[in-house]
Amino acid sequence: MLPRSFKTFAVLVAIGVLPASFAFAQQVSQQRIISGLGKLKANAPAIDIELLRQEAGAGKEMSALPNWSKIAKLPQMVVEINFENDSVAIQPKSYRTLGMIADALHHPNLWAYKFLVIGHASSTGDEKHNLDLSQQRAVAIKEALATTFAVDPQRLYAVGVGEAFPIEGSNTEASNNRRVQLVNLGVFTRSQ
């Protein structure tokens, strides 16, 4: 078991078009989510989700890879969702946050878009374990949004990146590196 502490109610770290590694504390609200994720002004570049997954396990230089570089340019937000220690079980107190995210994804300004759910981990513990855990947590959030809050699961993609993208300037073992990132991938079409 990894020593993990997800005890805080701190929720939202960043909203808007930000580098993936940049984050700061803010209060979450449905309107902030809508305005932050809705900042897509042009067509989003095509992102190969399966390639992202493959690259996630390839090492810590992922940010230099073309596919991951595209992600940094898209509207995104970073959210802290609380999990049980070394588990994919979302703590009940985080369902309020998930509900606000779901409400935002159902809002007319965002309902036409698809989103990437990226799970991050701190560097505490084994790297392979952290990668697996971050993937499972990203999937757990996708499933909760789909099953509990009726967000179309076809609009959501889950990728775990383990400890590969710590918040710039932070201690890589710090709990704020255990976070979830939502990225607007552009217009959703049923043929995808």
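Before I call any hand, I note the rule: a crossing is right-handed if the near helix is turned clockwise from the far one by less than a right angle, and left-handed if anticlockwise. I also remind myself that this is a predicted model.

**Entry 1: α4 against α5**

I looked up how α4 and α5 (127-147) cross. Their axes come within 10 Å, at roughly 65°. By the rule above, I log the crossing of α4 and α5 as right-handed. On the α4 side I find Tyr-95, Leu-98, Ile-101, Ala-102 and Leu-105 in the contact, and from α5 come Ile-141, Ala-144 and Leu-145. Sorting these residues by class, I get 8 nonpolar, no polar and no charged.

**Entry 2: α1 against α4**

Next I took α1, residues 30-37, with α4, residues 95-106. I read an angle of about 50° between them, and their axes are 9 Å apart. I therefore put α1 and α4 down as oblique to each other. The crossing of α1 and α4 is right-handed. From α1, I list Gln-30, Ile-33, Ile-34 and Leu-37; they meet Met-100, Ile-101, Asp-103, Ala-104 and Leu-105 of α4. By class this contact has 7 nonpolar residues, 1 polar and 1 charged. I see Ile-101 in this list, and I had Ile-101 in the contact with α5 as well. Leu-105 also turns up facing α1 and facing α5.

**Entry 3: the cavities**

How many cavities of 30 Å³ or more are there? I count 2.

Then I went to the second largest cavity, with about 30 Å³ of space. Which residues line the second largest cavity? I wrote down Val-79, Ile-81, Leu-98, Ile-101, Ile-141, Leu-145, Val-180 and Leu-182. At least two residues of this lining come from each of α4, α5 and β5 (180-187). I class the lining as 8 nonpolar, with no polar and no charged residues.

**Entry 4: cross-check**

I went back to the α4 and α5 contact, where I had Leu-98, Ile-101, Ile-141 and Leu-145. These four names are also in the lining of the second largest cavity.

Definitions and conventions: Residues numbered from 1 in each chain as written. Predicted model: local features only at pLDDT ≥ 70, side-chain atom pairs only at ≥ 80, totals over all residues. Heavy atoms only, no water. Axes fitted to C-alpha atoms, helices over the stretch in contact; angles between N-to-C directions. Helix = DSSP H or I, 4+ residues; strand = E, 2+ residues; numbered from the N terminus. Parallel < 35°, antiparallel > 145°, perpendicular 65-115°, else oblique. Contact = heavy atoms within 4.5 Å. Nonpolar A, V, L, I, M, F, W, Y, C, P; charged D, E, K, R; others polar. 1 Å grid on protein atoms, 1.4 Å probe; cavity = no way out; pocket = protein on both sides within 12 Å on 5 of 7 lines; lining within 4 Å. Points joined across faces, edges and corners; volume = space filled by probe spheres on them.
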